[in-house]
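Hello,

Please find the structure below. My notes on its charged side chains follow.

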Amino acid sequence: MPKTGGNWVSTSLRTLFPKAERMANIHTTRKSAPRPKLFTFAFVRHPLTWYQSYFSYKQRKGWDASNDWDDVVRCDSFTGFVETALERTPAYYSKLLRRFVGRTDDEIDFIGHFESLTNDLIRALELAGEEFDAAAIRNTPPVNQSSYDQHPAVYPDGLAQRVLEVEAEAVVRFYSVDTSNSG
C-alpha cells in the first residue's frame, strides 16, 4: 500500500532476509500477489496523514505522468490537491485500501498500521512463523520520510472533517475504537 511505510518494511526485510526472493514491485495488490496462498500482510495509514504524506511526496519527487490519479489530483497546494481528490475521486483511499488488503470478508492475513509500523511488522513476521531478530527491525532507520517543513500539508478549517466523512469506510474499518467494553 503506497505511503504506508513500505520502503522501510522492504529495507528491514532485506536486512533480515538477504537471500529471500524479492518482488519487482513492493506495492502488490491482493489480486496481483504472485503467491496469494502464502502469508500476506500490508500496512494501512489514517486517511488524514495518508493525504498529507502523498502530497508531500509528490511535491518532493514530482507528479507521475503515467499515474492516472496523479493526473486528476495534481496541484501545487495541499488544499487544492485534497479538495480535487474529494470532489473528483471520492473515497479514493478507501477504495485503494480495499484493492490492496481485500474486502472485509476476504482480507489478507495481517493488516498492520503505519502508526505502529515497527511493532506491527514484528507481529506480522511472528504470525508468519519467521525466525528473525526483532532488534534489527527496531534499529532500522526511517526511509523515504516526507518533509513537511519543505512541503507543508496542513488542513485548513473544515477540510480534515470532509476527508473523514468522504473516507469514512477506511476510518471505520481500520481506526474505529471499540468502546462497548469501556467502564
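This is a predicted model: local features need pLDDT of at least 70, side-chain atom pairs count only at pLDDT 80 or more; totals for chains, interfaces and linings use all residues.

**Salt bridges**

With a relative accessibility of 30%, Arg162 is classed as partly exposed.

The side chain of Arg162 forms a salt bridge with that of Glu87, at 3.8 Å from N to O. Arg162 belongs to helix H8 (residues 159-166) and Glu87 to helix H4 (residues 78-88), so this pair ties together parts that are 75 residues apart in sequence. Glu87 has a relative accessible area of 56% and is exposed. The cut-off for exposed is over 50%, so Arg162 at 30% falls into the partly exposed class.

How many salt bridges are there in the whole structure? The search returns seven; the pair of Arg162 and Glu87 is described above, and two others are described here.

One of these joins Lys58 and Asp70, whose closest N and O atoms are 2.7 Å apart. Lys58 sits in helix H2 (residues 47-61) and Asp70 in helix H3 (residues 68-73), so the contact ties together parts that are 12 residues apart in sequence. Are these two residues, Lys58 and Asp70, buried or exposed? Both are buried.

The other involves Asp105 and Arg103, with side chains that meet at 3.0 Å, N to O. Asp105 counts as exposed, at 61% relative accessibility. Arg103 has a relative accessible area of 45% and is partly exposed.

As background, side chains of opposite charge can pair when their charged atoms come close.

Regards

How values were computed
Residues are numbered from 1 along each chain as its sequence is written. Side-chain values use heavy atoms; hydrogens and water are left out. A salt bridge is a side-chain nitrogen of Lys or Arg within 4 Å of a carboxyl oxygen of Asp or Glu. Helices (H or I, at least four residues) and strands (E, at least two) are DSSP runs, numbered from the N terminus. Buried means under 20% relative accessible area, exposed over 50%, partly exposed in between (1.4 Å probe, protein chains only).
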